[in-house]
Amino acid sequence: DQTNNRVDQDIDSLLTQMTSSTSVTFSSPQDSQFKWQTNRENQIQGRMVTGKNLSNQQEESMESYLRSRGFKLDQTNSYVSGNSAGTIGYSKDNSVCLITGKIISNGTSSNATSTTSTLKNARFDVEIKCGKLQAT
């Protein structure tokens with residue numbers, strides 16, 4: 001249907017422009033489903049891109065990109081999963097995005113104790129899922 005096509009194009013445009021503005025190479029956008037919490041759980045039909053083996057700076061540049069487009073951090077949809085993965089939610093009007101990063105290498109020798117140095121040199125696999133909240 002027409003509306004869904006326009007939504008997909010908006011989201012695809014957001015995701016492909018992220019590639020050029022962050023100089024991170026992402027996969028092509030593909031269909032995705034994800035959950036988004038408001039006052040209830042919403043099932044979002046959206047689009048997703050993935051980036052592999054990214055630096056901490058590259059991961060942060062994705063968040064900066066969304067903020068520069070008017071997206072705001074959404075605490076309700078931001079959480080940590082264990083000690084090697086986390087999800088950060090961003091929303092703007094009825095557009096919502098989840099950035100999920102999973103640490104694949106902490107970039108330090110095994111005897112390092114400082115968490116800051118661990119994350120500074122870490123490498124991440126990242127999934128970005130975006131979609132539109134449907135009016136209720």
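I take a residue as buried under 20% relative accessible area, as exposed over 50%, and as partly exposed in between. The model I am reading is predicted.

**Entry 1: Asp10 and Lys132**

I looked up Asp10 and found it partly exposed, with a relative accessible area of 40%. Asp10 forms a salt bridge with Lys132, and the closest N and O atoms are 3.9 Å apart. I note that this counts because the cut-off for a salt bridge is 4 Å. Asp10 sits in helix α1 (residues 2-22) and Lys132 in strand β6 (residues 123-132), so the pair ties together parts 122 residues apart in sequence. Lys132 is buried, with a relative accessible area of 15%.

**Entry 2: Arg47 and Asp12**

I then searched the whole structure and got 5 salt bridges. One of them is between the side chains of Arg47 and Asp12, at 2.8 Å from N to O. Arg47 counts as buried at 13% relative accessibility. Asp12 is buried too, with a relative accessible area of 19%. I traced the shared partners and found that salt bridges join Asp12, Asp31 and Arg47 into one network.

**Entry 3: Glu127 and Lys129**

I recorded another salt bridge, between Glu127 and Lys129, with the closest N and O atoms 3.6 Å apart. Glu127 is partly exposed at 29% relative accessibility.

**Entry 4: Asp74**

Which side chain of opposite charge is nearest to Asp74? I found Lys72, 12 Å away. Asp74 is buried yet has no salt bridge. I looked for a polar partner instead and found a contact of 2.9 Å between the side chains of Asp74 and Asn77. Leaving aside neighbours within four places in sequence, I list Trp36, Gly89, Tyr90 and Ser91 as the contacts of Asp74.

**Entry 5: the strands around Asp74**

I placed Asp74 in strand β3, which covers residues 72-81. How many bridges pair β3 with strand β4 (residues 85-92)? I count 6, and the pairing is antiparallel.

Notes: Residues numbered from 1 in each chain as written. Predicted model: local features only at pLDDT ≥ 70, side-chain atom pairs only at ≥ 80, totals over all residues. Heavy atoms only, no water. Helix = DSSP H or I, 4+ residues; strand = E, 2+ residues; numbered from the N terminus. Buried < 20%, exposed > 50% of the residue type's maximum accessible area, 1.4 Å probe, protein only. Lys, Arg positive; Asp, Glu negative; His and termini not counted. Polar contact = N/O pair within 3.5 Å; in protein donor to acceptor, adjacent residues only side chain to side chain. Contact = heavy atoms within 4.5 Å. Pairing = 2+ DSSP bridges.
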